[in-house]
Amino acid sequence: MSNDFHLHEESLKDSNNKVDVYDKWADTYEDYVNGLNYLGPSNLAKEVFDYFDQSGKDNFKILDFGCGTGLVGVEISKLFAGKYFFTIDGIDISEKMIQHSRDKNIYRQIWQLDLFKEVLPQQYQYDIIVSSGVFLEGHVSFKMVDILLNSIKPFGVMFFTLRESFREKNKEEYVKYVTNNNRIEILHESSIAYLPDVKCKMVILKKLF
């Protein structure tokens with residue numbers, strides 16, 4: 001069993017320190033997930049681009065929640081660069097993962113924050129929040145959707161990947177914080193290619209107020 005496989009398994013458990021897991025994983029994470037054919041970041045970026053393409057909007061402020069080593073930022077930059085004015089900020093809990101994001105020179109700024117314990121300064125408000133590979137076992141609960149809404153402008157849009165197995169285990173919480181959340185409208189939900197043999201949805205939400 002490779003060390004990367006072991007760390008992947010550890011990341012899906014509720015009972016361990018995720019900062020420690022991802023700090024240990026940071027240097028080999030990208031090679032490992034690329035070897036697994038991890039399509040979440042590229043497919044999420046395509047969904048964001050397709051949603052806004054020919055919308056007439058421009059100058060997007062984007063927040064990548066759980067930015068990790070910057071895979072989503074890279075994919076969004078590929079599609080948006082030269083077509084839109086945009087900035088991307090990032091949030092992650094692992095400073096060692098963040099170091100890899102910084103090396104890509106894509107993000108305007110990146111915070112090492114646990115939003116369950118700390119608050120993103122209120123002056124930072126975004127048109128778009130994206131998140132790939134965070135709403136799954138061992139990571140954040142669906143209460144995080146409600147927390148992230150505080151950093152989205154009215155009528156801003158959130159795009160996130162969602163492992164179906166995770167929602168199945170946390171149905172009541174999903175209904176409370178997503179389905180029945182009067183602050184949002186669910187615009188779209190569809191299956192996307194994420195990891196081989198992992199059923200995953202792409203969820204698009206709009207903040208109403």
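Analyst: Start with burial: a residue is buried under 20% relative accessible area, exposed over 50%, and partly exposed in between (1.4 Å probe, protein chains only). This is a predicted model, where local features need pLDDT of at least 70 and side-chain atom pairs count only at pLDDT 80 or more, while totals for chains, interfaces and linings use all residues. Residues are numbered from 1 along each chain as its sequence is written, and side-chain values use heavy atoms, with hydrogens and water left out.

User: Is Lys153 buried, exposed or partly exposed?

Analyst: Lys153 has a relative accessible area of 29%, so Lys153 is partly exposed.

User: How many residues of strand S1 are buried?

Analyst: Strands (E, at least two residues) and helices (H or I, at least four) are DSSP runs, numbered from the N terminus. S1 covers residues 60–65, and five of its six residues are buried.

User: Which strands pair with S1?

Analyst: Two strands pair if DSSP finds at least two bridges between them. S1 runs parallel to S2 (residues 86–92), with six bridges, and is also parallel to S4 (residues 126–135), with three bridges. Leu63 shows both contacts: its bridge partner in S2 is Asp89, and in S4 Leu63 stands opposite Ile129.

User: What is the volume of the largest pocket, and what lines it?

Analyst: Rolling a probe the size of a water molecule over the atoms shows where empty space is left. On a 1 Å grid over the protein atoms alone, a pocket is an open set of points with protein on both sides within 12 Å along at least five of seven lines, and lining residues have an atom within 4 Å of a point. A volume is the space filled by probe spheres set on the points, which are joined across faces, edges and corners. Here the largest pocket holds about 750 Å³ and has 43 lining residues, with Tyr22, Ile93, Gly133, Val134 and His139 nearest its centre. H2 gives the largest share of that lining, four residues.

User: Where does Asp127 form a salt bridge, and with which residue?

Analyst: Side chains of opposite charge can pair when their charged atoms come close. The rule asks for a side-chain nitrogen of Lys or Arg within 4 Å of a carboxyl oxygen of Asp or Glu. Asp127 meets Lys153 at 3.3 Å, N to O. Asp127 lies in S4 and Lys153 in S5 (residues 152–163), so the pair ties together parts 26 residues apart in sequence. By this rule the count is eleven salt bridges.

Key: On a 1 Å grid over the protein atoms alone, a cavity is a set of points where a 1.4 Å probe fits but cannot get out, and a pocket is an open set with protein on both sides within 12 Å along at least five of seven lines; lining residues have an atom within 4 Å of a point.
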